[in-house]
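Here's a quick tour for anyone meeting this structure for the first time. Have a look at the sequence and the fold, then read on.

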Amino acid sequence: MIEENKKQGFIALYRSIETSLTFNSLDVIQQSIAIRLLLHANHKDNEWLDNGQQKMIVIKRGQLITSRASIKKWFNNDPLVTDQRIRTALNKLEKLNFLTKESTKHYTLINICHYNDYQTWREPTNQPSNQASTNAQPSANQALTTNNHVN
């Protein structure tokens with residue numbers, strides 16, 4: 001399971017999402033759609049073949065190609081996730097500046113706004129935890145080595 005997770009990758013989902021005005025203005029299904037869009041967005045630039053026009057399209061980091069039918073499949077065709085609810089969710093997310101979308105007859109290109117602000121992975125540093133232990137070391141060592149006076 002861990003190896004499969006590593007292959008699939010991850011997204012950062014900050015706990016502050018629960019207090020976000022954007023997130024809280026969505027109903028539960030719209031929230032789920034927003035999270036699924038984040039999960040399906042490209043984490044790096046890629047190309048996609050548009051079979052209708054027989055040409056390659058560059059899909060950038062933070063973008064995805066989808067359709068209402070694809071989104072329904074993400075939810076195992078749950079009857080609560082209707083075409084109308086998906087359309088409403090996408091329109092609302094666009095009004096809230098969460099995403100922009102470009103539609104064609106066959107697909108929709110979605111761009112997650114500010115994707116890089118939230119999905120840039122930075123390795124955590126161990127500087128604060130190391131700093132505390134190494135700051136204490138010199139004083140402890142100094143106390144052991146500075147008392148050279150024997151009476």
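**Ground rules**

Contact, or touching, means heavy atoms within 4.5 Å. This is a predicted model, where local features need pLDDT of at least 70, side-chain atom pairs count only at pLDDT 80 or more, and totals for chains, interfaces and linings use all residues. Residues are numbered from 1 along each chain as its sequence is written, and side-chain values use heavy atoms, leaving out hydrogens and water.

Let's start with Gln31, which sits in helix α3 (residues 28-40); helices are DSSP runs of H or I, at least four residues, and strands are runs of E, at least two, numbered from the N terminus. Setting aside residues up to four places away in sequence, Gln31 touches Phe23, Asn24 and Leu26. Its relative accessibility is 16%, so Gln31 counts as buried (under 20% relative accessible area; exposed is over 50%, partly exposed in between, with a 1.4 Å probe and protein chains only).

α3 also packs against helix α5 (residues 83-95), at an angle of about 70 degrees with the axes 10 Å apart. Among the residues making this contact are Ile33 and Leu37 of α3, and Ile86 and Leu90 of α5.

Trp48 is in strand β1 (residues 46-50) and Tyr107 in the loop between β4 (99-103) and β5 (108-112), 59 residues apart. Trp48 is partly exposed at 30%, while Tyr107 is buried at 12%.

Note on methods: Axes are lines fitted to C-alpha atoms, for helices over the stretch in contact, and angles run from 0 to 180 degrees between N-to-C directions.
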